[in-house]
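Here is a short walk through a protein and its ligand.

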Amino acid sequence: MKIVDARVIVTCPGRNFVTLKIVTDDGLTGVGDATLNGRELAVASYLRDHVVRALIGRDASRIEDTWQYLYKGAYWRRGPVTMTAIAAVDTALWDIKGKAAGMPVYQLLGGRSREGVTVYGHANAETVDEVLVEVARYVDLGYKAVRVQTGVPGLASTYGVSGDKMFYEPADASVPTENVWSTERYLAHTPGVFARVRDEFGPGLRLLHDVHHRLTPIEAGRLGKSLEPYALTWIEDPTPAELQDSLRLIRQHTTTPIAIGEIFSGVWDCQQLITEQLIDYIRATVVHAGGITHLRRIFDLAALYQVRSGSHGATDLSPVCMSAALHLDIAIPNFGLQEYMRHTPETDAVFPHGYHFADGYLHPSDEPGLGVDIDEELAAQYPYRAAALPVNRLEDGTLHSW
Ligand code: EZ4
Ligand code: CO
């Protein structure tokens, strides 16, 4: 089963996606997501200019060997561009292997460990009164877990709050939008938001919150402690996590669970976080952490330390990534939660897929492979549009983490 073609498809059905489609000599095709929000063309070039020619003629059934070939063979290891490109190849090869075997990929990963994949949605609004309405919408749709983000009084805009409630897209301009941030205003406001939400919805609803890398460890400890009465499932990315050691300080101050890892490229970014049990959920995902092969390796390490999965699932991860994530989620023993932001109808049409949402759960497709494809003709109707993620400054103008 030799690879005879590998196409890199860039499309923008409302937002940019990069997809790799691999074709074998016996007519099988596989798809992999290669989207890196705001840096899409870097990955497209990595694949087109450096990877595709080395794939032609390779045995498509050798997934592990191809992973090692691309990782060790590049000499330059790790990094989001490299690992996203490797992920795309890896995901497409798992899709092909499933089709060759006549089985959904989750069967090749050991079969089902659960009946459905619990997902959380994003409730967001400028004010607390408005966000209660948004949370109720998700509850009505059947969601058992909801992420809550609100505006902060005194700040013009805040991460996670948008006009379009279902399809939040932060990459909103070709040159980064400038936001203003105040940790003091945020820490003063946030506990009151969760007091209201918990009071309104009772103890059964799982609540989450994304801090988006904005605090220092001691500030994060204070936030976690102040949120303890409202029993959150997790706070996400409380600090930038390059400094894995810093999570020890947060742990000394709060029992609010912590989820980190959506920007991680591989196991070396979270090895200490996992083995010292400094986090509760690892948010690494298929597209940015080296594909199904490498993410499974991360999840297996995490399982040894009672760390559960909580994969990133924002709209900038295409339905191809979501399909792949669901096959892992349904199979691994230590699944925790899966983020699920719905894609627009335009995106769903470009990426026909067999997964479906019902009563708070996503269900992977039972078709052979990943159960997702790209409609290349339709994709060609949506040319790439430059879009960058915002930057964030403190009120005095100092550049801060976004
Ligand atoms: O900002 O995916 O938890 N979800 C997130 C996302 C990220 C975007 C960046 O491309 O933090 O909204
Ligand atoms: Co996040």
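A polar side-chain atom of glutamate 339 lies 3.2 Å from an oxygen atom of ligand 1; a polar contact is a pair of N or O atoms within 3.5 Å. Asparagine 37 also brings a polar side-chain atom to an oxygen of ligand 1, at 2.9 Å. For aspartate 316, the distance from a polar side-chain atom to a ligand 1 oxygen is 2.7 Å. The protein covers 95% of the 320 Å² of accessible area that ligand 1 has on its own (Shrake-Rupley method, 1.4 Å probe).

This is a predicted model: local features need pLDDT of at least 70, side-chain atom pairs count only at pLDDT 80 or more, and totals for chains, interfaces and linings use all residues. Residues are numbered from 1 along each chain as its sequence is written, chains are lettered from A and ligands numbered from 1 in the order in which they are written, and side-chain values use heavy atoms, without hydrogens and water.

Now widen the view. Around ligand 1 stand 14 residues, each with a heavy atom within 4 Å. The closest are Tyr159, His212, Glu236, Glu262 and Asp316. By class, the shell has seven charged, four nonpolar and three polar residues. Asp, Glu, Lys and Arg count as charged; Ala, Val, Leu, Ile, Met, Phe, Trp, Tyr, Cys and Pro as nonpolar; the others, Gly among them, as polar.

Turn to the rings. Tyrosine 138 and tyrosine 143 are both buried (under 20% relative accessible area, 1.4 Å probe, protein chains only). Ring pairs link Tyr138, Tyr143, Tyr340 and Phe357 into a cluster (ring centres within 6.5 Å).

Conventions: Polar contact = N/O pair within 3.5 Å; in protein donor to acceptor, adjacent residues only side chain to side chain. Buried < 20%, exposed > 50% of the residue type's maximum accessible area, 1.4 Å probe, protein only. Phe/Tyr/Trp six-rings, centres within 6.5 Å; stacked < 30°, edge-to-face > 60°.
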